[in-house]
Amino acid sequence: MKNVKIILGVSAGIASYKTLDLVRLLVKEGAEVRVVMSANAAQFVTPLTFEAISGFPVYCSIFDAQNSMEHIRVAENADLFVVAPATASILAKMANGLADDALSCTHLAFKGPVLVAPAMNDGMWNHTAVKQNISTLKSRGVEFIDPESGDLACGAIGQGRLADITVILDKIKNYFIQRDDLKGIRFLITAGPTHEAIDPVRYLSNPSSGKMGYALAEQVKTRGGKVTLISGPTNLKPPLGVNFKACKKAEEMNLLVQENLEQCDVLVMAAAVGDFAAENLEKEKIKKQGDKGLVLKLVATKDILLEVAKRNLGKVVVGFAAETQNLVESALDKLKKKNLDLIVANDISSPGIGFQSDSNKVTIIDREESIENLPLKSKREISDLLLDRILALVKST
Ligand code: CTP
């Protein structure tokens, strides 16, 4: 883990003494570890002890005049943020965006991936409030290493012990192993909706937010791959380091995909491309005719994936399927018709998942018709699982 920079957030749990060993092992592996402590964590282990083991000053007070912007500096310079042990209190602060001590401020200032290893009494662990905070954090892509069952500091036996330090260490190492596994692979990703204009002020579109395609682009970058991101109109900021191309109409998206296809190894069509466009684009705004309605003639847009299939360039091609009924049958039908390697199907009729949401419940189907139903996951987690599958396909071709 040479050149790897980790923030280790320590909150006020009895298990914080165990994380001294985590710091020691991470440093031994070559990582640079910056310890940040919550307001009360020093009641258990002194900052000086962490300082001695990490070799860096420990950040533990926001009211230190010399270090008043330290949370920003620490957050800007790290690859991964690990919180271990995470108490019920820090989970609540993280879930609700509180920033009243060094640890919670650093969490809000950090933009990268977050890994959390909770530790608490089993009753607290099973409390609905804690469960809800965990589910909020998971929906934002925060990863968890669940506590183990056994003897707890309070004398009870149950789930709540900090996961074994070797388990936490392996999870951190895995994160960095995975980090560069897409090096040398060029991805072409589409995202968002398309806008098909009817007149100068109106258009046909759909509620796609673009979050899935952008999450995929972000994860490809994090894992060392190259990305060209072709996006319809969204409110999202393109991830740093991607080759970004904006478009509006399905026809423009098609042209950009066809132009960039040869220079890529993998195409992922996560965009919700409009299937219909107005036959005639009115030059002036269409005026209301009293209470008369309006009949619009629509024509089909080009199916981008079908156009890609016709060119037969031997790329790995992944499609998405947005369905309101017969999820698997319809997705399988699209996979065959569009000659895809994988299709990711999601049921857009279920409330709270899909289009606008940060999380989704998808089914991944491959050419062999093997079907993998994933539970509800953040779009970042889905991206990682999908990228694992794509990587296996790239390696086998
Ligand atoms: N797609 C495409 N070109 C289009 C429409 C869709 O390339 N004109 C792609 C989407 O990006 C997605 C896949 O095809 O990867 C399936 O899109 P979906 O909207 O689920 O299905 P359609 O093929 O449009 O069929 P239908 O709307 O009838 O379900």
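**Reading ligand contacts, domains and backbone**

Modeller: Start at the ligand: one of its oxygen atoms lies 3.0 Å from a backbone N or O atom of A322. That falls under polar contact, meaning a pair of N or O atoms within 3.5 Å; within protein, one must be able to donate a hydrogen and the other to accept it, and residues adjacent in sequence count only if both atoms are side-chain atoms.

Colleague: What are the ground rules for this model?

Modeller: This is a predicted model: local features need pLDDT of at least 70, side-chain atom pairs count only at pLDDT 80 or more, and totals for chains, interfaces and linings use all residues. Residues are numbered from 1 along each chain as its sequence is written, and side-chain values use heavy atoms, without hydrogens and water.

Colleague: How many residues surround the ligand, and which are the closest?

Modeller: A residue is near a molecule or strand if one of its heavy atoms lies within 4 Å of it. Here 16 residues surround the ligand, with M269, A271, F320, K334 and K338 the closest. A polar backbone atom of M269 is 2.8 Å from a ligand oxygen. For A271, a polar backbone atom is also 2.8 Å from an oxygen of the ligand.

Colleague: Into which domains is the protein chain divided?

Modeller: Bounds come from an automatic or database domain assignment. Domain 1 spans 5-178 and domain 2 spans 186-396. Their C-alpha centres lie 37 Å apart.

Colleague: What area is buried between domain 1 and domain 2?

Modeller: Buried area is the accessible area (1.4 Å probe) that two parts lose on being put together, summed over both. Here it is about 690 Å², and carbon and sulfur atoms give 42% of it. S139, G141 and Q178 supply 61% of what domain 1 buries against domain 2, more than any other three residues.

Colleague: How many salt bridges are there between domain 1 and domain 2?

Modeller: A salt bridge is a side-chain nitrogen of Lys or Arg within 4 Å of a carboxyl oxygen of Asp or Glu. The count between the domains is 0. There is 1 residue pair in polar contact, both at pLDDT 80 or more.

Colleague: Which residues does a cis peptide bond join?

Modeller: Most residues other than glycine have a negative phi, and most peptide bonds are trans. A84 and P85 are joined by a cis bond, with omega about -5°. P85 lies in strand β3 (residues 80-86); strands (E, at least two residues) and helices (H or I, at least four) are DSSP runs, numbered from the N terminus.

Colleague: What is the phi of N3?

Modeller: N3 has a positive phi of about 65°, although it is not a glycine. N3 sits in the segment before β1 (5-10).
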